[in-house]
Amino acid sequence: MRIFTPFSSDDEIIAIANGFLDRSLPKTSWTHAAHFSTTLWIMRCGKDLDAARDLPHLIRDFNAAKGGANTDTEGYHETITQASVRAARAFLNDNPGEHLHALCNALMGSALGQPGWLLAYWSRPCLFSVAARRTWVDPDIKPLPF
């Protein structure tokens, strides 16, 4: 498991987001932290972008550009993406004045920063089902708190 290195500046977040959008970000840099930092950047700075609407096709396109596949077993995952968007939106609403890098660091230091955070709400079989990968599937353990 990769250890999170805190972001040092908003410029670092901007570079990740721009690299994701123009597909120049290395595949190895598309980490859990990069997903959340890009989502927060889109919410705060991506004027023409809506995270819930646009991240699905952007992630699929990024995966394809990096040689990955978006299938029933790998690549884009709708439930994980939309749950993460909801979590990021709630976190942003609770911390509106933070610098972007400080906000990302705080999010990554929270329970959401743990890659397995979704397993508190979904069982592994439900979350990693084909249905959950293709469409939104409601949590089967307990509702999301946001």
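Salt bridges and a helix

A: Let's begin with Asp72, which counts as partly exposed at 33% relative accessibility (buried means under 20% relative accessible area, exposed over 50%, and partly exposed in between, with a 1.4 Å probe and protein chains only). A quick word on the source: this is a predicted model, where local features need pLDDT of at least 70 and side-chain atom pairs count only at pLDDT 80 or more, while totals for chains, interfaces and linings use all residues. Residues are numbered from 1 along each chain as its sequence is written, and side-chain values use heavy atoms, leaving out hydrogens and water.

The side chain of Asp72 meets that of Arg134 in a salt bridge, 2.7 Å from N to O (a side-chain nitrogen of Lys or Arg within 4 Å of a carboxyl oxygen of Asp or Glu). That pair links distant parts of the chain, 62 residues apart: Asp72 is in the loop between H3 and H4, and Arg134 is in helix H7, residues 130–134. Helices here are DSSP runs of H or I with at least four residues, strands are runs of E with at least two, and both are numbered from the N terminus. Arg134 itself is exposed, with a relative accessible area of 52%.

By this rule the count comes to three salt bridges. Another one joins the side chains of Asp61 and Arg23, at 3.3 Å from N to O. Asp61 lies in helix H3 and Arg23 in the loop between H1 and H2, so this pair ties together parts that are 38 residues apart in sequence. Asp61 is partly exposed at 34% relative accessibility, and Arg23 is partly exposed at 35%. The side chains of Asp54 and Arg53 form a salt bridge too, at 2.7 Å from N to O. Asp54 is buried, with a relative accessible area of 7%.

So much for the bridges; now the helix. H3 covers residues 51–65, and its 15 residues reach 20 Å from first C-alpha to last, close to the 21 Å expected (1.5 Å times one less than the number of residues). Its buried residues are Ala51, Asp54, Leu55, Pro56, Leu58, Ile59, Phe62 and Asn63. An α-helix has 3.6 residues a turn, so residues three or four places apart point the same way. What covers the buried residues of H3 includes helix H1 (10–21), helix H2 (32–45) and helix H4 (78–94). At the start of H3, a side-chain oxygen of Asp50 comes within 3.3 Å of the backbone nitrogen of Ala52. After H3 comes Gly67, whose phi is positive, near 85°.

Finally, the wider setting. The protein has seven helices and zero strands. Its radius of gyration is 15 Å, close to the 15 Å that the globule rule gives for 146 residues, so the protein is as compact as a globular protein of that length (the radius is taken over C-alpha atoms, and the rule is 2.2 Å times the number of residues to the power 0.38). Along its principal axes, the C-alpha trace spans about 40 × 35 × 30 Å. Buried residues make up 40% of the 146.

Conventions
Contact = heavy atoms within 4.5 Å. Polar contact = N/O pair within 3.5 Å; in protein donor to acceptor, adjacent residues only side chain to side chain.
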